Amino acid sequence: CSDQMLLLAVGLSVGLVLLLLLGLLVFCSWRRTNRQSRYQELFSTAPSVPAGSAPVVLVSQGSWTFRLNHTLYRVLCILLLGWYPMGSVLTSLYSVSALNEVVAPPPGMATRLLFSVEYRHSSEQVVVFLLRLGNLPPRFHSNATLVELRLLPDDRRPRQAKGQGTGPDPEFNDYFVFQVSAVCVQESTLSVCVLSREPDGKRHAVGRVLFPLEGELGLAGRVLWKDLELEDDAQCSELGDVQISLCYSLSQQRLSVVVLRARGLQLQTDAGVCVQVSLQLHTRVMKTKRSCEVKEGPDPFFNYKMTFKLKPQHLDEACLRFEMQQPNKKLPYQLGGLVLGPFMYARGPQLQHWMDMVNPAQEPVKLWHGLGKTT
């Protein structure tokens, strides 16, 4: 009778332990489902949480759930070890890194931007989560880092974010909302321009990222690393490059242009090089100006300054056409050209340069551009 009572007590103890463990597992599953539903609700409604936190929640959830389940597994092994000896478990063999863990680029690699883009069909909004930069060039480490975002081609005024602290990897943890219809979003391009601001307020262009949204909005909240196209590291094009500065004064309705220098020109003769600049409105050439000849080989320095009268209502209808030429007896040799203007005339860096010029800050914007064949 005493043996039966002992077996009954042991059975009841084992049953209670198993019921307790079952209850803990059900509770953990409920907590995990509840957290995932709140995470999905974050992306289906307007952002009301600290900026940049959405892409990070998914990373921490998976690792927390794994650690909790692994702890319950160890407790179960310890409780049952007296009845079923299995030896010890090496926990180091079961360590798993989170699937969506974001790894910073190693030092010495390209300067990269970490961000996330999502399109919300219900509200017709593009939401950009700006997280951080990685591997800024050393000369910018002591300056403040600014980022200007635009959704081309319609967004004329940039949205701006300031980095937290200085150094090679400034953080932003901010988000931006752009209102755009589902029809136009596939034709839009996200432009991110990184600037470095010195203590005296002088700004330098570090680089930019152009991210076309066509076909890139399928995975909501996907975290992306994109390399910056640095201004100083831009490779010379096949026909050469030209450095141009633009500035528009709204009060004076004046467009100021400076052709600074060129590099890598494919010269046809030993003669000098000149640059011709034309202001064009639709198909009509409004005014043309031409610099003096410069004889400095394939890398001439011009510093040629000119101004054009241009009304604000024509900023979306006008463009600047640049042509590099070498004089000849009959017709000049065309070394290459380019067009800077709005979406009607230009794309890529040429469009971005024009949009930066229209910025109400009214500061000169200086960029390198590759030359193409003239028509």
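Analyst: Let us begin with a pair of residues: Leu113 stands opposite Leu133 in strand 2. The model is a predicted one.

User: What makes strand 1 and strand 2 count as paired?

Analyst: Two strands pair if at least two bridges are found between them. Strand 1 (residues 112-120) and strand 2 are joined by nine bridges in the antiparallel sense, so they meet that requirement. The two strands form a hairpin with four residues between them, and Glu124 in the turn has a positive phi of about 55°.

User: To which strand is strand 2 joined by seven bridges?

Analyst: Strand 2 runs antiparallel to strand 5 (residues 171-179), with seven bridges joining them. Val128, for example, has Phe176 in strand 5 as its bridge partner. Strand 2 (residues 125-134) is also mostly covered, as nine of its 10 residues are buried.

User: Why is the pair of Phe115 and Phe211 called edge-to-face?

Analyst: The structure holds two aromatic pairs. Phe115 and Phe211 form one of them, at 5.5 Å centre to centre and with 80° between the planes. Ring centres must lie within 6.5 Å, and planes over 60 degrees apart count as edge-to-face; with 5.5 Å and 80°, the name therefore applies. Phe115 belongs to strand 1 and Phe211 to strand 7 (residues 203-212), so the pair ties together parts that are 96 residues apart in sequence. Both Phe115 and Phe211 are buried.

User: Why is the pair of Phe129 and Tyr175 called tilted?

Analyst: Phe129 and Tyr175 lie 6.2 Å apart, centre to centre, with 50° between the planes. An angle under 30 degrees would count as stacked and one over 60 as edge-to-face, the rest being tilted; 50° therefore falls in the tilted class. Since Phe129 lies in strand 2 and Tyr175 in strand 5, this pair ties together parts that are 46 residues apart in sequence.

User: Why is Phe129 called buried, and why is Tyr175 called partly exposed?

Analyst: Buried means under 20% relative accessible area, and exposed means over 50%. Phe129 has 3%, so it is buried. Tyr175 has 24%, which is in between, so Tyr175 is partly exposed.

User: How is the cut-off applied to Cys184 and Cys247?

Analyst: Cys184 has a relative accessibility of 34% and therefore counts as partly exposed. Cys247, at 17%, is under the 20% limit and is therefore buried.

User: What makes strand 13 and strand 16 edge strands?

Analyst: Four strands form an open, antiparallel sheet in the order 13-12-15-16. Strand 13 (284-290) and strand 16 (333-340) each have a single partner strand, so one side of each is left without a neighbour in the sheet. From one strand to the next, the twist averages 20°. Six bridges join strand 12 (residues 274-281) to strand 13, and the bridge partner of Gln280 is Val285 in strand 13.

User: Which helix lies across strand 15 and strand 16?

Analyst: Helix 4 (residues 348-357) does so, running at about 55° to strand 16.

User: Where does His314 lie, and is His314 buried or partly exposed?

Analyst: His314 is in the loop between strand 14 (301-309) and strand 15. Its relative accessible area is 23%, between the 20% and 50% limits, so His314 is partly exposed.

Methods. Residues are numbered from 1 along each chain as its sequence is written. This is a predicted model: local features need pLDDT of at least 70, side-chain atom pairs count only at pLDDT 80 or more; totals for chains, interfaces and linings use all residues. Side-chain values use heavy atoms; hydrogens and water are left out. Axes are lines fitted to C-alpha atoms, for helices over the stretch in contact, and angles run from 0 to 180 degrees between N-to-C directions. Contact means heavy atoms within 4.5 Å. Buried means under 20% relative accessible area, exposed over 50%, partly exposed in between (1.4 Å probe, protein chains only). Rings of Phe, Tyr and Trp (its six-membered ring) pair if their centres lie within 6.5 Å; planes under 30 degrees apart count as stacked, over 60 as edge-to-face and the rest as tilted.
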